[in-house]
Structures are given as C-alpha cells and as structure tokens.
Amino acid sequence: MSLTNCRFYEEKYPEVDSYVMVNVKQIAEMGAYVKLLEYDNIDGMILLSELSRRRIRSIQKLIRIDRNEVVIVLRVDKEKGYIDLSKRRVSPEDVVKCEERYNKSKAVHSIMRHVAEATKTPLETLYQQIGWPLNRKYGHSHDAFKLSITDPEVWDGIEFPSEAVKKELLQYISKKLTPHPIKVRADIEVTCFGYDGIDAVKDALHAAEENNTADSQVKVRLVAPPLYVLTIQCLDKNKGLKLLEEAIERTTKKIKESNGNCIVKMAPKAVTEHDDAALKELMEKRERENMEVSGDESLSESDEGVPE
C-alpha cells in the first residue's frame, strides 16, 4: 500500500451514469484519453462522438490537454479496465455538483495524505478505517470532519489505526477546517455644512454602530474628513455585507435629518490583507499630510508675534 496514493471513494470503479472529474492527457482520432482523478488516476476515454452535441470542427476548441473536465460514465469494463465517458451529456448543473463534490474530496485527500506521511500509515488504511466509514455515515467525510470540530461524537465507532493517527488527524482538521472570520468593508463620505455639522456627522456615525452585539460589531474609522471606513468581521460573508448595508442606511437617515449627506464611495465587500495594507498606507499618508499642514501653521508669520 502506498503512503500517498489511493482512490477517494470506497468503490474501485465509478458507477455507470455517475459524474466524475477527469484530467485530459492525450487527444487522438478516436477521442480524448483521460485520467479519473477521484479513482487513483485510472484510465478512461471520452469518445469523439461524446465530446459535443454540435458538429465537431476542431477537437482542440472543445477539449484541451491537461485541463480538468466533468464527464458522465457510459460504460465500465472492470476486466479490461475500459471506462467510456461522455462530455456532451453533462449539463451546467451537473458540472457545479460534481465540482463541489470533487473539491470536498480533494480537501479530505489533502488532509489524509498529510496524516499518512506524518504517521507513516498507508493512505488506503486511513480511508478504509476513517474516510470511507464517514462517507457512509455522513454522506461525505468532509462534512463529518467539519462537524467534528464542535461535535466529538463524530468519531464514535471509528477505529483509528493508532493514537498517533488520531492526534495528528484531529489537530490537522482543526487547523485546516476551522472557519476564519471574513473582514467586510465599506467606504463612505459623510458631510454636513450646517451650524452643528460636526456633531451631526458624529451622531450619524454613532448610528452605524448602534446595533452592535458581542458577536457582530461595526467599527467606524476616519481616513480623512469626510471619508470614513466601516468594517465588520463575520464567519458568514453575506451576513457581514447585510450588516454594513444596514449601518450605511442608518448613517444616511441620521445625517439627512440635519440636511447632510452620505455618499457610498465603496459598497460593502469582503476585503483581503492586501486591501487592508492599502488602506493603512492611505491613512498614514493622510496623517503625514495633516501633520505637515499643522507644522506650516505653527511656523506662520502671524504666530511669531503673538505674545505669551
């Protein structure tokens, strides 16, 4: 048994009419030779007549070497090892479902390979004793792995090859699958030129934060008047987007009560570390500019003759 190679699923061959992910290796007159990625790279073929519903003018435009494709299984000859596949019978919905399953299976495979190498345990042994039993019980071992982070009962009935395997697997699952908060950000300009304009802006920005809870907190930061940044960290991106949209609505409503205005310069969106770094750089630049202005003012001629 290999430490690093093994099929993803218990069955050695895929079922007829099931959807599988393949990688195209060679294009010939008869069709395309492929490897079935979920079944330890066994060989298959997409027949020329099964590449497209339309008349084929150029195979290269339909299928390319080294590209992954979702196909449906037409025939399986286990004795000869022939697997005939079709690309033309696959709908866009089938592609989405197969890609979702493949990505989950690939994530599980990555975890299993790490544990196999770290504990010197054959990969197939890990699948036989852990992965495939969880597939049967939970539909997919990836779902079981994620659930196990908060529910240790997932492991009831699982016989680990060793205590070292159990320890390594649980630690690695926690490291790889524990959800991380997503930062969502929006940029707004808030202005009010009335008599109490400054206080009106402050009140409007406080309105953005007024629905904060321990779990979800909108934070307002000044870049340079009138530009402000709203941020929130959430496990659920859509929830973060919604909360910032609501915060902007409250701010807009409040500032308009004082005849002010709120303009969205950047609509709520999930941001990366790169975006954060760019914002930090902008804020530091504005701060330097403000300091230079303050310095110029303090050295102005009109100040020099002012008595103590």
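Reply: Start with E69 and R67, which form a salt bridge with the closest N and O atoms 3.4 Å apart. Bear in mind that this is a predicted model.

Me: Why is the contact between E69 and R67 called a salt bridge?

Reply: The term requires a side-chain nitrogen of Lys or Arg within 4 Å of a carboxyl oxygen of Asp or Glu. The closest N and O atoms of R67 and E69 are 3.4 Å apart, so the pair qualifies.

Me: Is E69 buried or exposed, and how do you know?

Reply: Buried means under 20% relative accessible area. E69 has 9%, so E69 counts as buried.

Me: What makes R67 partly exposed?

Reply: The class lies between under 20%, which is buried, and over 50%, which is exposed. R67 has a relative accessible area of 35%, and therefore falls in between.

Me: How many salt bridges does the structure hold?

Reply: The structure holds 13. One of them joins E10 to R136, with the closest N and O atoms 2.7 Å apart. This pair links distant parts of the chain: E10 lies in the segment before β1 (19–27) and R136 in helix α3 (residues 123–138), 126 residues apart.

Me: Why do E10 and R136 get the labels they have for accessibility?

Reply: Exposed means over 50%. R136 has 54% relative accessibility, so R136 counts as exposed. E10 has 36%, so E10 counts as partly exposed.

Me: What makes R101 and E38 a salt bridge?

Reply: Their closest N and O atoms are 2.6 Å apart, and the limit is 4 Å, so the pair qualifies. R101 is in helix α2 (residues 92–119), while E38 is in the loop between β2 (31–36) and β3 (42–47), and 63 residues separate them.

Me: Which accessibility classes do R101 and E38 belong to, and why?

Reply: E38 has a relative accessible area of 0%, which is under 20%, so E38 is buried.

Me: Which residues are linked in a network of salt bridges?

Reply: E50, R88 and R89 are linked in such a network.

Me: Where does E189 lie, and why is E189 called partly exposed?

Reply: E189 lies in strand β6 (residues 182–191).

Me: How does the radius of gyration of the chain compare with that of a compact globule of 308 residues?

Reply: The globule would have a radius near 19 Å, but the chain has 29 Å. The C-alpha atoms fill a box of roughly 100 × 60 × 40 Å along the principal axes. The chain has nine helices and nine strands.

Me: What share of the residues counts as buried?

Reply: Of the 308 residues, 37% count as buried. The chain exposes about 19,200 Å², and carbon and sulfur atoms supply 48% of that area.

Notes:
Residues are numbered from 1 along each chain as its sequence is written. This is a predicted model: local features need pLDDT of at least 70, side-chain atom pairs count only at pLDDT 80 or more; totals for chains, interfaces and linings use all residues. Side-chain values use heavy atoms; hydrogens and water are left out. Helices (H or I, at least four residues) and strands (E, at least two) are DSSP runs, numbered from the N terminus. Buried means under 20% relative accessible area, exposed over 50%, partly exposed in between (1.4 Å probe, protein chains only). The radius of gyration is taken over C-alpha atoms; the globule rule is 2.2 Å times the number of residues to the power 0.38. Accessible areas come from the Shrake-Rupley method with a 1.4 Å probe; for residues, only the protein chains shown count as cover.
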